[in-house]
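Open the model in your viewer and keep the selection tool at hand. Each stop says what to pick and what is there.

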Amino acid sequence: MPRHKATLRGWLVVAHRLAGLSLAAFLVMAGLTGSLLVWNGELDAALNPHWFRTTAQDASPQPIDALALRDKVQAQHPHALAVRVPLAQEPGQAMVFMLRPLPGKGPLENDQVFVDPTSGKILGERRWGDITQTWRNLMPFLYRLHYSLALGAVGTWVLGLVSLLWMVDSVIGFWLTLPVNAKSTQRPWLGRWARAWKLDMQSRWRATFDLHRAGGLWLWPLLLVLAWSSFALNLPQWHDPVLRAFSAQQPSTAELPRRKTPLWQPALDWQAAHAQAHSLMQQLAQQQQFQVLAESSFAYDPRLGLYRYDVRSSLDIKDEGGSTRLFMDGDSGVLVATWFPTGTAGADTLITWISNLHMASVGGLAYKLLISLTGVGVAMLSVTGVLIWLRKRAARKKS
């Protein structure tokens, strides 16, 4: 029996080494970009204050209605469709509208518009994520790099597979820190494992090894959450069917039927559609016994022919914004689908928690700092793992 365990452990060491070397570059990139994206809104506003911030204060005139602002944006961009309206207005902050090109009109020069909510003045525009627009798009580009290597669907698949391997490797790495269960006259098992949690800085090599092992142990719960949530977010078509075997799940946006031809001009205009969506959400709140706390956003998808209405409700867990939503037919105003972040389906409640933990949108400032430091820790674990492999490789060559 001990011999079998030693052999298994040897195989796991090799698997951990190969996975670590294969994933190192990806995890360094993901860790460092993730540590910055925790502060995405703050950093983006600091880089582009003339777009994100206005001179409006609490005593300033009442802001223009969000849907009226959308009409202004739409009038100035006749070759595009303003597809999303932010409904949560903060004093001193611009409102951001997203554009989508109309068929036959060619690509848009810019697809994100910043508007002063008190005057209706357009403060600026950019093509979201296009790094050729230099520092103006630095944070959106880092976001694209973080979740898709800035390669679109292919990069999303690659990082989804990386996340799956990282999740498995995290479990293997944890197992390898456990003492071998062989008969010994040494200290008790827990006493021997306690050594793995400590840092010994007496030499550069010992510090590197202990940073990798002890650092991995101290960060392990968050590492597992980050790896798991990355896999769930990048490859839901793989993750969700497995989860459904254990718990119920609501239909996702990806499962809503696509129209054969996009519906660019629904029968319901934005004002009428918003009023209908608001009424439907109030009815749902009464039926499902939750409270609507604030509106979040209103959007339209021509591919589905559906309006999407998001609110912040008592079912939401994130610090800001909301993801309690409904989908409504753009022509008839009939309710098509709903999605509730918690309380309805166990699988969705789990995904809501791990995804919000991943994006540091719960837990306030303290948790944001922790996730930012964890991102740096992910990069550190990858670098120290490579350094350990290089040292052992050199030692094997000498022997």
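Start with the sheet. Select its eight strands: they form an open sheet in the order β4-β3-β2-β1-β5-β6-β7-β8, with antiparallel pairing. Strands here are DSSP runs of E of at least two residues, helices are runs of H or I of at least four residues, and both are numbered from the N terminus. Two strands pair if DSSP finds at least two bridges between them. At the edges sit β4 (122-126) and β8 (335-339), each of which pairs on one side only. From one strand to the next, the twist averages 20°.

Before going on, note the ground rules. This is a predicted model, in which local features need pLDDT of at least 70 and side-chain atom pairs count only at pLDDT 80 or more, while totals for chains, interfaces and linings use all residues. Residues are numbered from 1 along each chain as its sequence is written, and side-chain values use heavy atoms, with hydrogens and water left out.

**Strand by strand**

Select β2 and β3. They run antiparallel and are joined by four bridges. Pick M95: its bridge partner in β3 is V115.

Move to β5 and β6. Eight bridges join these antiparallel strands. S297 stands opposite D310 in β6. The two strands form a hairpin with four residues between them, and G305 in the turn has a positive phi of about 70°.

Buried means under 20% relative accessible area, exposed means over 50%, and partly exposed lies in between (1.4 Å probe, protein chains only). On to β7: β6 pairs with it in the antiparallel sense over six bridges. V311 stands opposite T324 in β7.

**The cores**

Which residues have the most contacts inside the largest nonpolar core? Select F298, Y307, Y309, L326 and M328; the core has 35 residues. A nonpolar core is a set of buried Ala, Val, Leu, Ile, Met, Phe, Trp, Tyr and Cys residues joined through side-chain atoms within 4.5 Å. Two or more residues come from each of α4 (66-76), β1 (80-86), β2 (95-101), β3 (112-115), α10 (270-288), β5 (292-301), β6 (306-313) and β7 (324-329). The largest share, seven residues, is from α10.

Centre on M328. Leaving aside neighbours within four places in sequence, M328 is in contact (heavy atoms within 4.5 Å) with residues including L268, A273, Q276, L280, G305 and Y307. Apart from this core lies another, of 22 residues; select M29, V38, W166 and L226 among them.

**Aromatic rings**

Show the Phe, Tyr and Trp rings. Rings (for Trp, the six-membered one) pair if their centres lie within 6.5 Å; planes under 30 degrees apart count as stacked, over 60 as edge-to-face and the rest as tilted. The count by this rule is 16 aromatic pairs. Take W193 and W197: their ring centres are 5.4 Å apart and their planes stand at 80°, so the pair is edge-to-face. W193 is buried at 15% relative accessible area, while W197 is partly exposed at 25%.

Compare F298 and Y307. This pair is stacked, 5.2 Å centre to centre with 5° between the planes. F298 is buried at 0% relative accessibility, and Y307 is buried at 1%. Then select F174, W193, W197, W218 and W220, which form one aromatic cluster.

**Two helices**

Last, select α2 (residues 40-47) and α5. They pack at an angle of about 145°, with axes 8 Å apart. Axes are lines fitted to C-alpha atoms, for helices over the stretch in contact, and angles run from 0 to 180 degrees between N-to-C directions. N40, L43, D44 and L47 of α2 meet L138, M139 and P140 of α5.

Stay on α5 (residues 138-148). Its buried residues are M139, P140, F141, L142 and S148. Just after α5, pick L149, which takes a positive phi of about 60°.
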